[in-house]
Amino acid sequence: RSSALGRRKVINHQNKKKYRSVTSHGGLACHASVPCGVCENKDVDFINWRFASWKNVAIALFNLFLPRACAGCDTPDYILCENCKKALQCWKRAPFARTVCGYRYACGSYSTVVRRSILLWKDHFDIACDKIFGELIGDLVVEVISKFLRSHSCYISEKPIFVIPVPSSKHSSRHRGRKHMLPVANCVAKRLCNSGIRAYVLDIVSMDARITAKSVQTSGFRGRSNRISKAFSIDFKELRKQKFENQREYKAIVLDDIVTTGSTMNSCVSTLQNSGITVLACFSLACVCNKDNRTANYKC
């Protein structure tokens, strides 16, 4: 199985007959019995090539020679299939005293297909998952923040809420070639704005260059705490660029990909609070559920 962007793989001989029509928005013939994860067209058997743009034709040909499979379970023709999406819609909540609401939230438990899809997106450049992960965590953020603002009228104002992604180490960012949480944060901010809540993405937190090991490679709560102790710093030049420097009170939410012990998020929130930024809540795509962190299911 070869891969150009992480999750594109060659369909084996047994599946050629069943999935011989690999489709996209470009307009290839779509097998009526196989739902297409890219164009999501179950009924159309043929779309005339004369009405397709060159961009869509290129995408269709690319998908024909390097078919797409689900990041979590390898189901053909899906970026993330419905079953894997449902695994990221089992919302979790754990106590987190440093936030105003007193909790941190996660879309799902860090195991099975959730773990596989996140690691594939995070470390193997599966950028097609950016939008889907952004929408999934955006639904959770809108639900929690809307309910919080309704019950805490003192926090309702014309001032925006800042969406702040937790940074990776500079070594990891160079290895990946991008800041993988920024597209997700942009999607979350857009979801909040569409819900009537002003929000802006601020990439103002940075990690010390001396930290090179990944968080998942550090074992134990004490080891993780020592790793990120005083590791974060705030860049207020970004606030000046966005013309928010005259704002006296800053409200923010913090986004991360994976929360294991919570020490990284705890240190990041502490740094923000010491800089005068009030953190309303913290969110992540997945969290490790165990008895120590008292994680429970969160229902709307």
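**Notebook: cysteines, sheet and cores**

I looked up cysteine 90 and found it partly exposed, with a relative accessible area of 42%. I note here that the model I am reading is a predicted one.

How many disulfides does the structure hold? I found zero. I then checked cysteine 289, which is in no disulfide; the nearest cysteine sulfur belongs to cysteine 287 and is 4.0 Å away. A disulfide needs the two sulfur atoms within 2.5 Å. Cysteine 289 has a relative accessibility of 35%, so I list it as partly exposed.

**Lysine 92**

I next went to lysine 92, which lies in strand 1 (residues 92–95).

I traced an open sheet of seven strands with mixed pairing, in the order 4-3-7-8-2-1-9. Strand 4 and strand 9 (296–297) stand at the edges; each has a single partner strand, so one side of each is left without a neighbour in the sheet.

Strand 3 (residues 161–165) runs parallel to strand 4, and three bridges join them. Valine 163 stands opposite valine 201 in strand 4. I looked up helix 4 (residues 129–151) at this point: it packs on the sheet and touches strand 2 (103–109), strand 3, strand 7 (250–259) and strand 8 (277–287). The direction of helix 4 makes about 140 degrees with that of strand 8.

Strand 3 also pairs with strand 7, in the parallel sense, over five bridges. Which residue of strand 7 is the bridge partner of valine 163? I found isoleucine 253. Strand 7 pairs in turn with strand 8, again parallel, over nine bridges. On that side I noted leucine 255 opposite phenylalanine 283 in strand 8. I checked the burial of strand 7 as well, and 10 of its 10 residues are buried.

In soluble globular proteins, nonpolar side chains tend to be buried together. The largest has 49 residues, and Phe133, Leu192, Ile253 and Phe283 touch the most other members. Two or more residues each come from strand 2, helix 3 (112–123), helix 4, strand 3, helix 6, strand 7 and strand 8. Helix 4 gives the largest share, 12 residues. A second, separate core has 24 residues, including Val166, Phe232, Met265 and Cys268.

I listed the contacts of leucine 192, leaving out residues up to four places away in sequence. Leucine 192 touches Val141, Val142, Ile145, Val163, Ile197, Ala199 and Ile253.

**Isoleucine 197**

At 11% relative accessibility, I count isoleucine 197 as buried. With residues up to four places away left out, isoleucine 197 touches Ile145, Ser146, Leu149, Ile161 and Leu192. How far apart are the C-alpha atoms of isoleucine 197 and leucine 149? I read 9.7 Å for this pair, which is 48 residues apart along the chain.

Terms used: Residues are numbered from 1 along each chain as its sequence is written. This is a predicted model: local features need pLDDT of at least 70, side-chain atom pairs count only at pLDDT 80 or more; totals for chains, interfaces and linings use all residues. Side-chain values use heavy atoms; hydrogens and water are left out. Buried means under 20% relative accessible area, exposed over 50%, partly exposed in between (1.4 Å probe, protein chains only). Contact means heavy atoms within 4.5 Å. Helices (H or I, at least four residues) and strands (E, at least two) are DSSP runs, numbered from the N terminus. Two strands pair if DSSP finds at least two bridges between them. Axes are lines fitted to C-alpha atoms, for helices over the stretch in contact, and angles run from 0 to 180 degrees between N-to-C directions. A nonpolar core is a set of buried Ala, Val, Leu, Ile, Met, Phe, Trp, Tyr and Cys residues joined through side-chain atoms within 4.5 Å.
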